[in-house]
Amino acid sequence: MALDTSSFFANTPHLMGIVNVTSDSFYDGGAYATTDKAIEHGIKLAQDGAVILDVGGESTRPGAAPVDPDEEIRRVVPVIKGLAGVTPWLSIDTRNAKTMKAALSAGANIVNDISALTHDRRSIDVIKQSGALVSLMHMKGTPQTMQTAPDYGNVVHDVYAYIKERIEVCEAHGINRNRIIIDPGIGFGKTTEHNLSLVGNISKFHELACPLLLGASRKSFIGKLGNNALPQHRLGGSLAVALWACDRGVQILRVHDVQETKQALLINNFLIKAGRADTEQLSGDCPCQT
């Protein structure tokens with residue numbers, strides 16, 4: 001059956017739970033580094049409300065060392081096999097074509113590539129031949145260099161233009177737009193001010209007519225804006241970003257804290273509905289006016 005992104009435009013936003021099978025990720029590195037713990041964590045995220053699980057075996061935090069694809073495969077494939085069928089969508093977070101191919105064979109149906117299929121020239125063919133969905137993310141530089149004085153003419157315009165170009169490249173290679181998800185890449189080669197501009201103007205990216213993914217959970221710009229809070233103390237800021245993004249139609253939120261994010265979105269939805277009902281009731285002359 002051909003896959004497409006149409007389901008991501010209904011009943012939004014969808015929560016993508018993060019499963020880091022790594023020892024050095026910036027927030028939960030090492031907590032789920034074994035196969036059993038990673039599978040257990042993924043199942044818990046699904047029970048909490050994630051409809052996508054994003055499994056990664058290579059940390060891409062600033063300064064992180066690259067992981068050999070064979071080691072990456074050793075980490076992620078058993079986890080993907082263990083989580084197959086737990087959620088409707090299972091994503092492999094990788095920039096390596098060899099890992100993509102192994103993960104898709106094991107049961108993944110989305111490739112989440114921080115390099116937008118530029119890191120490995122073979123990856124675009126893997127996506128084309130597999131029929132999987134692909135998430136194209138913007139990153140300036142590499143994880144080793146991306147936070148070394150990143151600079152833009154206008155960060156929103158520049159990131160938009162880059163993603164537009166990558167969509168066009170995919171289409172030219174036979175990957176239809178209805179298989180593409182886009183991600184502005186919060187924290188990947190951006191200063192705090194750049195991240196604020198991107199999140200603040202996130203609606204701009206809807207013009208590209210692809211489901212929009214936002215991954216801001218627990219990231220450093222939240223800590224810098226929130227009294228230099230450590231990753232363990234950035235939940236409040238992460239929820240604030242999630243609510244802002246939800247109110248602007250972002251279709252997919254990539255988060256560590258699925259249960260808390262789902263609750264925040266649920267209450268936000270109740271408040272919006274209550275506000276609309278009150279507005280309708282008060283649309284006439286208010287009896288308390290003099």
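Modeller: Helices are DSSP runs of H or I with at least four residues, strands are runs of E with at least two, and both are numbered from the N terminus. Leu271, for instance, is found in helix 9, residues 258-281. The model is predicted, so local features need pLDDT of at least 70 and side-chain atom pairs count only at pLDDT 80 or more, while totals for chains, interfaces and linings use all residues. Residues are numbered from 1 along each chain as its sequence is written, and side-chain values use heavy atoms, with hydrogens and water left out.

Colleague: Is Leu271 buried or exposed?

Modeller: Buried means under 20% relative accessible area, exposed over 50%, and partly exposed in between, with a 1.4 Å probe and protein chains only. Leu271 has a relative accessible area of 58% and is therefore exposed.

Colleague: In what order do the strands of the open sheet stand?

Modeller: Strands of a sheet pair through backbone hydrogen bonds, either parallel or antiparallel. Two strands pair if DSSP finds at least two bridges between them. Here an open sheet of 8 strands has the order 6-5-4-3-2-1-8-7, with parallel pairing. Strand 6 (180-183) and strand 7 (213-214) stand at the edges with a single partner strand each, so one side of each has no neighbour in the sheet. Within the sheet, strand 2 (residues 52-56) runs parallel to strand 3 (residues 89-93), joined by 5 bridges. In this pairing Gly56 stands opposite Asp93 of strand 3.

Colleague: How many residues of strand 5 are buried?

Modeller: In a regular strand the side chains alternate between the two faces of the sheet. In strand 5 (133-137), 5 of the 5 residues are buried. Leu133, Ser135 and Met137 lie on one side, Val134 and Leu136 on the other, and both faces are covered. Strand 5 runs parallel to strand 4, with 4 bridges between them, and Leu136 is the bridge partner of Asp113.

Colleague: Which residues of helix 4 are buried?

Modeller: In helix 4 (residues 123-130), they are Ser123, Ile124, Val126 and Ile127. They lie on the same side of helix 4 because they cover an arc of only 160 degrees around the axis, the arc being that of the directions from the helix axis to the C-beta atoms. Their cover includes helix 3 (97-106), strand 4 (110-113), strand 5 and helix 5 (155-172); contact here means heavy atoms within 4.5 Å. Just after helix 4, Gly131 takes a positive phi of about 80 degrees.

Colleague: How many salt bridges does the structure hold?

Modeller: Side chains of opposite charge can pair when their charged atoms come close. A salt bridge is a side-chain nitrogen of Lys or Arg within 4 Å of a carboxyl oxygen of Asp or Glu, and the structure holds 12 of them. One of them pairs Asp93 with Arg254, with the closest N and O atoms 3.3 Å apart. This pair links distant parts of the chain, since Asp93 in strand 3 and Arg254 in strand 8 (residues 252-255) are 161 residues apart. Asp93 is buried at 11% relative accessibility, and Arg254 is buried at 15%. A network of salt bridges links Asp54, Asp93 and Arg254.

Colleague: How far apart are Glu168 and Lys164 in helix 5?

Modeller: They are 4 residues apart, about one turn of the helix, and their salt bridge brings the closest N and O atoms to 2.7 Å. Glu168 is partly exposed at 38% relative accessibility, as is Lys164 at 36%.

Colleague: Which residues does a cis peptide bond join?

Modeller: Thr12 and Pro13 are joined in this way, with omega about -5 degrees. Pro13 lies in the segment before strand 1 (14-20).
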